[in-house]
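Notebook open. I am looking up a few helices and one surface patch.

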Amino acid sequence: MISFAIALVALILGYLLYGKFIEHVFGPDDRPTPAVSMADGVDYITLPNWKVFMIQFLNIAGTGPIFGAIMGAWYGPSSYLWIVFGCIFAGAVHDFFLGMLSVRHGGANLPELVGIYLGKNARKLMLVFSVLLLMMVGVVFVYSPALIMKDYCWTTLIWVLIIFTYYVLATILPIDKIIGKIYPVFAFALLFMAVALLVVLFIKMPDIPELWSDLKVANHNTPASLLGTDTFFTKSPLFPCLFITIACGAISGFHGTQSPLMARCIGSEKMGRSIFYGAMITEGVVALIWATVSAYFFYYGGWREVVDANAVNAFLAQVNTDGGKSLIQYFSAPNVVENVCNGWLGLFGGILAVFGVVAAPITSGDTAFRSARLIIAEALHLDQKPIRKRFYIAFPMFAVAIALLIWQMENPDGFNTIWQWFGWSNQTLAVFTLWTITVYLVQQKKNFWVTLIPSLFMTCVVSTYLFIGKEAFGLDHTLSYILGIICLLVSCVWFFMWYRKTMK
């Protein structure tokens with residue numbers, strides 16, 4: 001618990017100290033925000049600060065800080081470090097600057113901001129890239145909740161229709177009619193689940209992996225030793241795969257598409273740190289809790305504590321039969337959430353698990369489609385106040401989404417294919433956002449190092465993953481690392497050549 005406690009304190013101090021420094025770099029003032037100067041009663045609406053925070057938190061969180069942290073826990077305690085350093089110095093900085101830039105530019109969406117600072121070609125690329133990413137998010141978060149809910153009542157198809165109907169309403173109606181009312185409730189449930197697990201951790205004080213632990217000694221008769229990390233990640237190396245697996249909770253490009261939604265609802269620039277930086281730190285805390293619980297679950301026998309004894313025996317028997325290959329899904333992220341919540345929190349925990357596994361992805365999908373509508377509308381210069389013009393975009397957008405969903409449902413590996421490409425696309429989006437912010441800081445003669453270093457690091461991550469990932473080139477690890485370093489050096493040279501020219 002020592003590593004966990006240190007990491008938790010570090011996240012809190014990160015908000016109080018580094019967050020304050022980042023706020024000083026940007027310099028918020030008292031100018032009217034878009035919610036005030038551009039109010040339209042649909043997307044530009046001044047909401048209470050606490051409600052903006054809760055919506056922002058759930059917009060960027062969903063199941064990301066839960067599922068990503070659980071899968072990242074298979075890489076061991078190194079996941080703690082990435083969550084802490086990634087969240088404080090990359091993710092929260094990314095979200096804060098993007099949100100505040102959107103405020104300064106009339107609530108502009110990510111592609112528009114990229115176009116302003118990186119050029120028209122980059123804008124066109126990001127327009128297509130971000131809309132495709134948001135469509136993938138929406139489709140993924142339709143099918144997975146429907147699969148879970150069919151075990152309770154009705155069929156998968158009925159739940160898909162129900163979720164899609166909700167998505168249409170949440171995309172079309174003013175933001176305060178549905179999202180503004182139900183999001184705070186779901187956000188509270190997600191936070192309550194995390195706090196409850198945090199309390200249980202400190203009450204139970206379980207023996208969990210530390211940063212200095214020898215996991216090979218502690219792995220006896222646990223899922224990590226019986227199945228092995230390779231079973232789940234097919235020998236995926238820690239770098240760069242950990243930094244793709246844990247996105248929400250560290251840094252996520254998807255957040256760049258969500259922050260402008262709240263940039264149109266914030267009443268004062270001076271609330272930016274608590275809303276944008278603070279929501280990301282909160283998400284980091286949630287991810288840290290789940291990474292810690294999962295490390296205990298996988299490595300130190302915690303699974304025996306929360307899983308039914310008969311199920312444990314059946315699992316061990318299956319391991320002896322086929323190495324556990326038929327039971328990999330038994331330790332999937334949704335099952336870990338269900339087992340931990342039921343085992344540690346009882347019946348109430350099971351209810352929270354449904355909120356976490358079902359409601360959270362749905363509330364990521366609806367804002368994904370809403371963001372896609374706004375991005376397309378901004379690109380077409382189509383006023384969104386008349387409801388008919390919202391339908392002009394929504395109808396073809398949902399038609400494409402339905403086609404993609406049908407392909408996913410008919411393709412046995414459709415979900416995994418979309419999710420794998422989403423992971424890389426998500427972090428690539430973060431790279432473009434970080435470079436956009438860096439250019440802005442240079443032009444404003446502000447401290448650009450706060451985003452330049454994360455920009456270079458994430459550029460190396462996504463380029464190396466493209467070379468090494470089996471979804472893309474699948475090259476030899478050594479060659480992939482060399483090519484990743486070359487991309488890093490090229491980016492570095494390009495930036496400083498541009499910087500020198502700009503300063504002249």
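I started with isoleucine 6, which lies in helix H1. Helices are DSSP runs of H or I with at least four residues, numbered from the N terminus. Is isoleucine 6 buried or exposed? Isoleucine 6 is exposed, with a relative accessible area of 54%. Here exposed means over 50% relative accessible area, buried under 20%, and partly exposed in between (1.4 Å probe, protein chains only).

I noted the ground rules. The model is predicted, so I keep to its cut-offs: local features need pLDDT of at least 70, side-chain atom pairs count only at pLDDT 80 or more, and totals for chains, interfaces and linings use all residues. Residues are numbered from 1 along each chain as its sequence is written, and side-chain values use heavy atoms, with hydrogens and water left out.

Next, the patch. H1 (2–26) and H5 (78–104) each supply at least two residues. H5 gives the most, with three.

Then H4, residues 64–72. Seven of its nine residues are buried. They are Pro65, Ile66, Phe67, Gly68, Ala69, Ile70 and Gly72.

Last, H22. This helix covers residues 477–503 and has 27 residues. From first C-alpha to last, H22 reaches 39 Å, close to the 39 Å expected at 1.5 Å a residue. Aspartate 476 caps the N-terminal end of H22, with a side-chain oxygen 3.0 Å from the backbone nitrogen of threonine 478.

Technical notes
Expected span 1.5 Å × (residues − 1). Polar contact = N/O pair within 3.5 Å; in protein donor to acceptor, adjacent residues only side chain to side chain.
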